[in-house]
Amino acid sequence: GFAHMSVALLGALVWPGVLKEHFERERPDVLMHLVTVGDLSFPSGHSFGAAACYATFAFFCARYLERKRDEVLCYSLALGIAATVGVTRIYLGVHYPTDVLAGASAGGAWAFFVAAAFSAWYRRSAAAATAPRSSG
């Protein structure tokens, strides 16, 4: 689990910078920003990180729940927190809505890609742990 979370969070740290350098979109030009930032705008790194982080937390939470309703609740809470982060970035005047949408989408995609990769590893590890051992 630690490796899974580490990969998800490290990717959330690295990918937005790579994408910002590729797209080179300037921040919104509004009269009064509530905060001052100096780097590029697209995609929103905060939205990317929030989506990747909270989707990964929800994945771990949902793995240990038996009822589908509880799993849906985990992912809904993660979505709500990530959406709140995105809305605040727009409210502060530091991102366009498309920056936030792209960041959240890419962060969610990254989280689910990492979860899919690690899920295959988890299945192999569980199968190896339950396989009968030969004595000899």
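Is arginine 67 buried, partly exposed or exposed, and what is the relative accessibility behind that label?

1. In this predicted model, arginine 67 has a relative accessibility of 47% and therefore counts as partly exposed. The cut-off for exposed is over 50%.

2. Arginine 67 takes part in a salt bridge, its partner being aspartate 70. The closest N and O atoms of this pair are 3.2 Å apart.

3. A salt bridge also links the side chains of lysine 68 and glutamate 71, with an N to O distance of 3.9 Å. The cut-off applied is within 4 Å. Both residues belong to helix α3, which covers residues 68-91, and they are three residues apart, about one turn of the helix. Lysine 68 counts as exposed because its relative accessibility is 61%.

4. The count of salt bridges under this rule is two.

5. Helix α3 also packs with another helix. The axis of α2 (residues 45-63) comes within 9 Å of the axis of α3, and the two cross at roughly 170°. The pair is therefore roughly antiparallel, since angles over 145 degrees are classed that way.

6. On the α2 side, the residues in contact with α3 include His46, Ser47, Tyr54, Phe59 and Cys61, along with several alanines, among them Ala50 and Ala62. On the α3 side they include Cys74, Tyr75, Ile81, Val85, Gly86 and Arg89. By class, the residues of this contact are 14 nonpolar, three polar and two charged.

Note on methods. Residues numbered from 1 in each chain as written. Predicted model: local features only at pLDDT ≥ 70, side-chain atom pairs only at ≥ 80, totals over all residues. Heavy atoms only, no water. Buried < 20%, exposed > 50% of the residue type's maximum accessible area, 1.4 Å probe, protein only. Helix = DSSP H or I, 4+ residues; strand = E, 2+ residues; numbered from the N terminus. Axes fitted to C-alpha atoms, helices over the stretch in contact; angles between N-to-C directions. Parallel < 35°, antiparallel > 145°, perpendicular 65-115°, else oblique. Contact = heavy atoms within 4.5 Å. Nonpolar A, V, L, I, M, F, W, Y, C, P; charged D, E, K, R; others polar.
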